[in-house]
Amino acid sequence: MDRALRRRVILKARRSPPSPTRIQAEAEARTRIARKVRNQLRRMRPVTLVAPRWSSAAAFMEKLEADLGPSLICRVVNARGLASRAEMESWNFILHAINTLSSDGADTRPVPVVVDRRGFMIAAEQALKAASQETLPAALMIQSAEQLRLEVLEDLGTVWMGQEGRHSALLVAASVATPALGMTGGPWIELEDYTEAEAARYFVERAGKIPENALAEAVAFSGGIPALVEEMAGRLAAEGWPSHIEGWWKMLGPLAEDLRAAVQVALASPDLAERFFTLRDGRARAEEPRDQTLLLSGLIRRARTVGAARVQIRAQCLAMLAEPVE
């Protein structure tokens with residue numbers, strides 16, 4: 001770990017702690033995105049949610065489900081683990097998910113087991129018709145949609161868009177922006193990290209009153225990456241604030257090894273390593289074609305800037321995991 005960089009991170013954080021006024025005034029990205037997604041689903045419009053690595057998509061979707069619950073029948077399902085499974089398993093996974101949109105008898109009504117593409121589309125149409133008989137409209141949210149086969153996503157989109165009177169909304173969330181996610185023609189919405197204000201407030205709400213220097217260090221170290229912020233906040237509430245930078249790494253638990261592995265994979269490629277070291281200082285720079293791989297790995301993000309796309313490293317803790325080029 002680069003001690004000089006580590007020291008600069010701490011000093012920078014201590015010079016400019018987030019003030020209470022800034023915490024209140026700064027735009028809340030996740031709140032804004034949640035509102036945008038809810039509005040789309042309430043209008044029965046499909047949504048594609050691109051949720052980068054460590055963005056806590058499950059928690060985001062669970063909150064959506066709770067917020068929409070009074071006015072919609074909401075179901076969240078996770079397609080994780082289906083990537084290497086037979087196409088038939090994906091078809092039947094989707095059919096079971098659609099079946100839950102009908103509250104009356106959803107647990108006991110038999111779901112047909114399909115063995116071909118045509119059978120899946122017919123069964124899916126019938127399940128959506130059953131859901132359309134409900135008093136309340138419905139919303140199906142599929143997490144880890146990139147694990148589903150391309151053909152299954154395409155067929156699901158065809159059936160969904162073919163509904164008469166559109167009584168059900170669909171959200172597909174994936175960690176990568178695969179072309180198949182555009183099957184419904186709905187808007188693509190990226191699940192952003194917490195802003196500095198959101199991250200600071202999360203820490204305060206979970207861990208109580210916090211020294212300004214410690215709060216600034218926590219925000220800078222985590223970069224607002226949701227999984228990191230949430231893990232650190234939980235541990236801080238139980239264990240208190242660390243007195244040195246190594247203590248922040250302990251706060252991450254198993255996530256620390258996940259971060260290290262991601263950085264090591266990127267550094268194995270000379271081209272990606274060169275770009276990673278360029279972005280390591282935290283400044284936003286014009287996006288390049290090779291940045292796509294780093295975006296997919298979760299190591300960098302698109303900066304919140306106006307005009308041409310710019311990227312920056314996602315968190316200062318990621319910069320600490322790479323030694324400087326000799």
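Helix H8 (residues 196-207) packs against helix H10 (residues 226-239) at an angle of about 30°, and their axes lie 8 Å apart. Axes here are lines fitted to C-alpha atoms, for helices over the stretch in contact, and angles run from 0 to 180 degrees between N-to-C directions. H8 and H10 are therefore roughly parallel to each other (angles under 35 degrees count as roughly parallel). H8 passes H10 in a right-handed crossing, where the near helix is turned clockwise from the far one by less than a right angle.

Who does the touching? From H8 come Ala 199, Tyr 202, Phe 203, Arg 206 and Ala 207, and from H10 come Val 229, Glu 230, Met 232, Ala 233, Gly 234, Leu 236 and Ala 237. Contact means heavy atoms within 4.5 Å. Those residues split into nine nonpolar, one polar and two charged. For this count, Ala, Val, Leu, Ile, Met, Phe, Trp, Tyr, Cys and Pro are nonpolar, Asp, Glu, Lys and Arg are charged, and the others, Gly among them, are polar.

A quick word on the source: this is a predicted model, where local features need pLDDT of at least 70 and side-chain atom pairs count only at pLDDT 80 or more, while totals for chains, interfaces and linings use all residues. Residues are numbered from 1 along each chain as its sequence is written, and side-chain values use heavy atoms, with hydrogens and water left out.

Now for strand S1 (residues 47-50), which is covered on both faces: Val 47 and Leu 49 on one side, Thr 48 and Val 50 on the other, all buried. Buried means under 20% relative accessible area (1.4 Å probe, protein chains only).

Next up is Ser 144, found in the loop between strand S3 (138-143) and helix H7 (150-161). Ser 144 is buried, with a relative accessible area of 14%. Leaving out residues up to four places away in sequence, Ser 144 touches Asn 78, Ala 79, Arg 80 and Ala 173. Ser 144 and Ala 57 are 87 residues apart in sequence, yet 9.0 Å apart in space, C-alpha to C-alpha.

Zooming out, the chain has 15 helices and eight strands. These are DSSP runs numbered from the N terminus: helices are H or I with at least four residues, strands E with at least two. Of the 326 residues in the chain, 49% are buried.

Note on methods. Buried < 20%, exposed > 50% of the residue type's maximum accessible area, 1.4 Å probe, protein only. Parallel < 35°, antiparallel > 145°, perpendicular 65-115°, else oblique.
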